[in-house]
There are 2 protein chains.
Amino acid sequence: MTQTKLTDIQPKKEEKTKAEEFAKELRSVSVSEFFEKNRHLLGYDNPTKALLTVVKEAVDNATDATEEARILPDILVKIERLTENRFRVTIEDNGPGIVKQHIPSVFASLLYGSKFHRLRQSRGIQGLGISSAVLYSQLTTGKSAKIISKISPKKPANYYELHINTLKNEPEIIKETEVSWQKDQGTKIELELEANYQKGSRSVDNYLKQVTIVNPHVTITYINPENQKIIFSRATTELPIEPKQIKPHPYGIELGILIRMLKSSKYKKLKSFLTNEFSRISSSIADEILKKSNLEANAQSSRIARQEAENLLKAIKETKIRAPPLDCLSPIGSELLQKSLKKELNVDFCEAVTRSPSVYRGFPFQIECLIAYGGSLESDKPVQLLRFANKVPLLYQQSACTITKAVISTKWNSYGLSQSKSSLPTGPALILVHIASVWVPFTSESKEAIAHYPEILKEIKLALQECGRKLGIFIRRNKKVAQEQKKKEYITIFIPHILTGLREILNLKQPQENKIEKNLKEILEKSRQ
Amino acid sequence: MTQTKLTDIQPKKEEKTKAEEFAKELRSVSVSEFFEKNRHLLGYDNPTKALLTVVKEAVDNATDATEEARILPDILVKIERLTENRFRVTIEDNGPGIVKQHIPSVFASLLYGSKFHRLRQSRGIQGLGISSAVLYSQLTTGKSAKIISKISPKKPANYYELHINTLKNEPEIIKETEVSWQKDQGTKIELELEANYQKGSRSVDNYLKQVTIVNPHVTITYINPENQKIIFSRATTELPIEPKQIKPHPYGIELGILIRMLKSSKYKKLKSFLTNEFSRISSSIADEILKKSNLEANAQSSRIARQEAENLLKAIKETKIRAPPLDCLSPIGSELLQKSLKKELNVDFCEAVTRSPSVYRGFPFQIECLIAYGGSLESDKPVQLLRFANKVPLLYQQSACTITKAVISTKWNSYGLSQSKSSLPTGPALILVHIASVWVPFTSESKEAIAHYPEILKEIKLALQECGRKLGIFIRRNKKVAQEQKKKEYITIFIPHILTGLREILNLKQPQENKIEKNLKEILEKSRQ
């Protein structure tokens, strides 16, 4: 009744437009909800892949953290089968640990981390990985994630049980306490999830093996669901070169980003903004840019108008600026790559190359490649292709990856491998490609394939060709040796028959026969060369 | 100095752990920042695709809004070239408009919309599309988005100039005013962006043409960068069936979601929770589920423990529950599809099928397929494949899409098209596949390809086979007719020669000759059959 009266007084209310009706349904979606519903984007398409993705995210974090603290990584990976399709996964490292107040956000809110805003080679980057593993665990089992982390032998370890509040993308602390832990420092995460365990090329077992090939300084102790303990021991006690953090290169900057940087920079004067916020802008380069763009060195960075920023960017693009510094990269190195591979595989030929760094969209990157041939590798099949990005094996979406594109578009016939159009070459060979970059352009959040940037494609092809040429020489030489060997074998086969014939015709005695045999061998051997 | 003293008093500060050092860098990343850096995930990989994506997102929104308000869509798409690689894109619709206070969030914050949480067929769903177009415009030109929206002839139009504050994923209002607008209602968006305009199969021109094929009730006025006006007029004034919103089906629910629903439901008693929050759970089905899971009808939904929820879900999976209601879908219809296609193309054969709806992961979906053959279609090339999802053309990532997989794995040789292994068939044919669903599982945020769900793949193949069989009959019959025609032609060619011969041998007169000709024709005609 009251309502009717109200409507009488305010006639506008009566005629509700469609827009007003629809407005009631408008609201924001949290990034957790988004990925919960789109979990295939994060690598949780199916139970087999889910198990791998969880292990991958946790191992990535463990390796990044230990390396960054300059500690030789010792990682435990334990997978227990609880029921047919439910598993408990435990990953433990000897890294620096995580400060108490950050633990909940690191593990139970998406897009939280330290790596997104810096330019430096690392495995993780988006702050999505480990929280998405927690999200998947929660989604399929409703269980909380159990975390222990300890940052110093002098401090107690912190224990957390966490949920993600998906509507808010915020951690929900179920339990929080101090515990004693035998370790000096490190982090341990325990998750329960619906999954499927299987062997094969995309298995956790194979993933961990590949991790140790490109990370020869890492030791992984792996306890599989059959309770077998497999130890992948480190091949070197030397830590990889520490990649340095760099500033963005001016050539890679986009107008929208430049405007935002201008507004928020702590360098208030335009010239000091240029020389301090970017790499490779010296004082004289800055002067050149300012002159071209008709702006003052002392202009207030935060008050640069849109059009002025556009002029500034145009001037930057027209100015010759050195390539970005390359110590932000930490490649594996061709020697170590070969050593690692030979440890795992028995091959007849193994050649690796580490290319000089190059740049795409202002981001430095570097390609490494290894080709192995013969030995225990299977013939009559497409070559094995191992893809790596920032030392992480890529096991899915091979056909969508630019590495595959580079391999397919290389002419392998001239390097001694048979290949039909638009296919991987065939033969007893293994091809390994590694891209190291401060920003690897993946085709999806699950980081399984690399997008087709022309600069990257070109560098991979050059690396493949460099190794390919050496493979070609090896295969050709080997063919020749094999042919010679065959001819030699003919001599050994035929001589006794000739001797038998001669014996009958000439009625030979043993000493004569021996002499004739020796002479015959020498003559045939000579004619063979 | 002061600092040294401080350290003396608090010795702990001296030995900063690595963890404490790293903690300084930890922070959350906004979803805008994330997609700004990963813009290829949203379809902004390159300037050509960027132009298409912007048009696509705006047209999707315009069509969704008008249809939802039961208005026949009249959409204006205008692309102006400002410099070689900079364009102004304007999209205007006659939809219901957007309520003033929601305009900034709808256009300038990611993951904001009305479609994510409901189950109902629509083009947009994630609340990402139009804001990501604004984000790309801002990133490449620094310009603000200009919006006009009007919800009723009696109200003024609202004009906004908007930026996205990417660090906060919040709109920044640059200008806000009321304006007069000749339209009764509608929305107009104007964006400036770096882009590239080109013709061809992935062009805006082709995209809009395809839109009108599967949306025959839409009229699009398109002004291209060459200032040519092209009008795609509607083929029908009938609006498509309005899809109804449905509740989630219990078979598609995951444990984590069930737990969250239990906690936040307005239905406080367990039984009423079950019957009200899901589709197809009647009172008796609810009783059955409760009995199996050993839970009380009156139990407090919000107090159900994790293990109880798990039992509940197990009981749901073990209970026979009807498939979800299917009025949430709005297919195009095979008749309309054929009519639309024939309007655009001259073909000899055209057959379409709309399959009955089916279900994957609890989500209803429906497949439609059309095959056209002959006429103006080119032979000796792979068939043209047109892919659609919820009436939106998919122009990119064809090889990653399950529609392509279905076409490739169908045996076209038995339907009269030649096909080599793992390839599209070859011939003068066009294959169109449409999937309608409340939740289309795309392989990335840019919504370009459909993920490989077995249920979806199977349905597409069945639809293809159904049309394929009819195509096979047509091609075989046509071959027979062609052969007969050839034989008939032989008769006409040969008879005069025979007559000439007979005339000379028998010295025939004209009347005899005519009689013989007639008889000969009859005999040969008879023998031909």
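Predicted model: local features only at pLDDT ≥ 70, side-chain atom pairs only at ≥ 80, totals over all residues.
Leu111 of chain B counts as buried, because 21 C-beta neighbours lie inside 10 Å of this residue and 20 or more are needed for that class.

**Backbone angles in two loops of chain B**

- Most residues other than glycine have a negative phi.
- Leu111(B), which is not a glycine, has a positive phi near 60 degrees, and this residue sits in the loop that runs between helix 5 (103–108) and strand 4 (112–113) of chain B.
- Arg70(B) also has a positive phi although it is not glycine, with a value near 55 degrees, and its place is the loop between helix 4 (47–68) and strand 2 (74–83) of chain B.
- Is Arg70(B) buried or exposed? Arg70(B) is exposed, because 10 other C-beta atoms lie within 10 Å of its own and the class takes in residues with 12 or fewer.

**The contact between chains A and B**

- Chain B brings 52 residues to the contact, and chain A likewise brings 52 residues.
- On the side of chain B that touches chain A, at least two residues each come from several elements, including helix 2 (18–23), helix 3 (31–37), helix 6 (129–141) and strand 4.
- Sorted by class, this side of chain B has 25 nonpolar, 18 polar and 9 charged residues.
- Strand 4 of chain B pairs with strand 1 (residues 27–28) of chain A in the antiparallel sense, over 2 bridges, and in this strand of chain B the bridge partner of Ser28(A) is Tyr112(B).

**Two helices that cross in chain B**

- Two packed helices are described by the angle between their axes and the distance between the axes.
- In chain B, the axes of helix 8 (residues 255–264) and helix 11 (residues 306–318) come within 10 Å and cross at roughly 115 degrees, and this crossing is right-handed.
- Helix 8 of chain B makes the contact through Leu255(B), Leu258(B), Ile259(B) and Leu262(B), while helix 11 of chain B contributes Arg306(B), Ala309(B), Glu310(B), Leu312(B) and Leu313(B).
- By class, the residues in this contact of helix 8 with helix 11 of chain B are 7 nonpolar and 2 charged, with no polar ones.

**Domains of chain A**

- Chain A is divided into domain 1 (33–232), domain 2 (250–318), domain 3 (334–475) and domain 4 (478–528).
- Between the C-alpha centres of domain 1 and domain 2 of chain A there are 41 Å.

Notes: Residues numbered from 1 in each chain as written. Chains lettered and ligands numbered in written order. Axes fitted to C-alpha atoms, helices over the stretch in contact; angles between N-to-C directions. Helix = DSSP H or I, 4+ residues; strand = E, 2+ residues; numbered from the N terminus. Left-handed = near helix turned anticlockwise from the far one by under 90°. Contact = placed C-beta atoms within 7 Å. Nonpolar A, V, L, I, M, F, W, Y, C, P; charged D, E, K, R; others polar. Pairing = 2+ DSSP bridges. Domains from an automatic or database assignment.
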